[in-house]
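Morning, everyone. I'd like to walk you through one part of a new structure. Here it is.

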Amino acid sequence: MDWKIAELKELEDKIWRCTACGTCKIAYDYGPPPTFGEICPAGTEFGFEGFMASKGKIAFARGILSGELPWDEELLEAIYKCTVCAGCQNQCQLDHKPFIPEIIEAMRRKAVEEGVGPMPLHKNLLQSMKNYNNPYQGPRRVRTDWTRPFKKAGKPIKDLNKEPAPVLFFVGCTGAFNTAARAVPTSTASIFQKLGMDFGILGENEICCGSTAMRVGDSEEFKRVATKNLETFKWLRDERGVKTIISSCAGCYRAIKKDYSLSSEYDKVMEGIEVVHTADYLSRLHKEGKLKFRGELPWKVTYHDPCHTGRHLNKFIIDHEGKELWKGAYLDVDQSECLYEQPRDLLKAIPGIEFLEMKRNRANSFCCGGGGGVMTGFGDWARKNASLRVQEGMDTGAERIVSICPFCHFNLNEGAKRIGSQVQVHDLTELVDQVLVGCDGD
Amino acid sequence: MSELSSPQKEPVFAATDVGKVDSVLRELSKIVGESNCTAARHIRYAYSYDLSFVKPKLPDYVVMAETVEQIQGLLRFANKEKIPVVPYTAGTNIGGLTIPERGGILLDLKKMNKIVDIDPEAHVAVIEPGVSHAKLADALYKHKLRFGWPVGPPSASVLACAVSHGIGGLNARYGLNSQEITSMEVVLPTGELVRVGSCAIRHDAWHSCLPLPQLDGLFKGWLGSTGVVTKIGISVHPIPPLLKVFTVSCDNVEDIYSYMLNLSNYEICDDLTAVSWWLAQVPIPYPFKPKPDGAPEWFSFATTTSWTEKEREARTEIWETVFEEEQKKKTSIKRTVYPEEALRGRTQLPSQVVGSTKNYCKQGGAGISWPGTFTPAKVWAPVYNKWREILIGHNLSPSVRMSMYRGVHYGMLRAMIPFNKQNAEETENARRAIVECLKVDLEAGGIPYKPPIDFANEINQRASPGYLDLLRRVKKFLDPNDIMNPGKLGI
């Protein structure tokens, strides 16, 4: 299987389309009314221009390519002190806009290829992937621990290794191994069972989607697991009748939908398989009138948009041939695949919920601070950044913050603890599960 | 200091030995804290270039200050050690103004970003240097107030634009953004804190620089070479609800000038601007391409705002009168529909689209610079015609803008010139063309603003000896060791 993963040098033309104007440094919308907000977690924390948004990262990329910035520990650290949240990308208007996260990750790939990257803690994570096929150093058998309550209740979850089902619930490593995020898979599976869905999991045979490896620049490790997963998906389609892959993890969802599409075999392998995030799946059912809620949740709730289900799903319209404007011109952005409204619609539909919006939302959402390998590489900063986001949530008057990403879920929880906040962090599925009426009336 | 791409002629602060760097860093760290200062090459590198043709140069240190006291401490130290200091807010100018000519300390002020006060009754705001146009626009709008937002990036500094005589979208109504400054707080190069304007007499009175002697002039237009401005008061203005933009086109610069002169007499516009065909293109063609036959060479948009329909009708009546008068002169003037997106870019400020230089650099390869001048309106036409010849001769587009300032017949005349920064020859070609244009303008009585050193040298060659001597004496008086942004004034 061939992969089209760009090297930094291949992106040189894009890198030189940045004018260093600095529009990327803050979130701004004319309105009226105009809105302003800090958008770059690294810029907010470290301040120096090199850390600031894409302007700073492009400077590093230019210096690395020209040889004016030889590798050293501080440069390496600065390249990894970025959550790759794409907040800066959302502000940029120039031709390199569609490639900004790619440029940042290409620098990391170059660092890994040249033997200087990633950061020491990332190396542990990558070693774990090699040893255990997950970044948490979790033995394979632990991957299914979350399913025990279902077995005990006499409602075991189908094992797709053994029997067919049209839906694969791709659990993801964080939900399976990180006990603080375990509510994500349990609530998801509970919802699916209540809805009477015929779904299954890969159990101990599920392996990491590879998102983390890709984010920290180890494209070889990414390719290894992604290739295996694509082969599994093909087998599931051909042998088990799988037509839909549902994930409750923003990282897995982004990886399968976007990173896997860099494979030469993607279209062939994925033909006939739809990849859906749980929030989107439930939202569709809700719109079709197939979700029934009972009781109410008298909570004040705000919603945090994960980067991986938001702006990372932007589709950029580029004038590749120069037919409309000029070769390589950035023309527009299509946000139709970004999951902005689906979770909000669901929250607003739950009886009793008072929904409150944070100032920075949707495409200008402020990253939780956990992405791009930061939670592993720079845990203290990730927690500190999460606490800023928690505070923003609390400033709305909300008592609970809801999201659709186990990574955000975990990190926001850590951020809340850091500032002694009483705010509770939930995955959307937890709330839906609490009020959803099953097809059998339960 | 470290040079990136060309030999340095000036004597420089040479922080080349590790011991010296370490000892300076230790002192800086005592003043601003360890996390706010660095000598790391990659951090310095990100401050070494901007959009312009000015050659990249590295500072030796980068320092972020969070308080006025830290700036005082820093300048006392730098003055004692004779280390250059370059104040920096966003680095979005297109004249290399924050590229350190002689290395030293680059003082990044982005963390000083407080809006100290907005007085909606007095129409005065007090801001620190790190306050961006976007942040102030957000805050002012809550009071239904506005400022003269420039066409720069929303992340650029309000204070830096104003003290550098930057222009904004309300120039025809209220004047330059520097004319909106009502008071100032400044740390002198020797570390003393001074105030000028009303806030010098009473600490919380920021309403006016007048009627006191205008000492604010010691810090405006000096390109950060006389001190670090830590706060300014600015006039802010109510937002009239009704917008009307009048757009025309002409076949030549003489006709568009005639229209602008006529209309400006009535002082009904917030902004009265004309752009050449090349500047109206998205992007500006690079290299030069000829204008299609039959396309007008000039477009003008006259932005007006009104409180009532009747007021708007009155402005329209005046505009119609001017238009008819111009038609009677048998000029080539025509009513024109300006493209909607372009018009939004001119009226919905601050703008990410315009501010990000989207229109300017896309084909150019990331470089943009200018001859940006304040020029008497009566010579706009002959200067433009010569610029056109020079720029086309260098295979560059004559992408020129002319804007009339408040109540006077002079204004901004500038050409935004994209070029390919990856290529040294193309960059030098653009620099030569721009300097040639500048000479033409200077000979016609224009003066460049936010000038790169090449421009400063041209100004100084033509300046009266008394002016230059006074400039040197004032600079020496305020900055005896020439530490503040040295070299930028060309003196």
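One term before we start: two strands count as paired if DSSP finds at least two bridges between them. And keep in mind that this is a predicted model.

Now take strand 5 of chain B. Four bridges join it to strand 6 of chain B, residues 105–108, and the two run parallel. Within that pair, B:Y88 stands opposite B:D108 of strand 6.

Zoom out to the sheet. It is open, built from four strands of chain B in the order 2-4-6-5, with mixed pairing. Which strands stand at the edges? Strand 2, residues 37–38, and strand 5 of chain B. Each has a single partner strand, so one side of each has no neighbour in the sheet.

Helix 1 of chain B, residues 18–32, packs on this sheet. Helix 1 touches strand 2 and strand 4 of chain B, and its direction makes about 10° with that of strand 4.

Next, the domains. Chain B has three: domain 1 at 2–108, domain 2 at 115–238 and domain 3 at 242–451. The C-alpha centres of domains 1 and 2 of chain B lie 25 Å apart. Where they meet, 13 residues of domain 1 contact 18 residues of domain 2. On the domain 1 side, helix 3 of chain B gives the most, with six residues. That side divides into eight nonpolar, four polar and one charged.

Contacts of B:V63 include B:L28, B:C37, B:L107 and B:D108.

Note on methods
Residues are numbered from 1 along each chain as its sequence is written. Chains are lettered from A and ligands numbered from 1 in the order in which they are written. This is a predicted model: local features need pLDDT of at least 70, side-chain atom pairs count only at pLDDT 80 or more; totals for chains, interfaces and linings use all residues. Domain bounds come from an automatic or database domain assignment. Two residues are in contact if their C-beta atoms, placed from the backbone, lie within 7 Å. Ala, Val, Leu, Ile, Met, Phe, Trp, Tyr, Cys and Pro count as nonpolar, Asp, Glu, Lys and Arg as charged, and the others, Gly among them, as polar. Axes are lines fitted to C-alpha atoms, for helices over the stretch in contact, and angles run from 0 to 180 degrees between N-to-C directions. Lists of a residue's contacts leave out its neighbours within four places in sequence.
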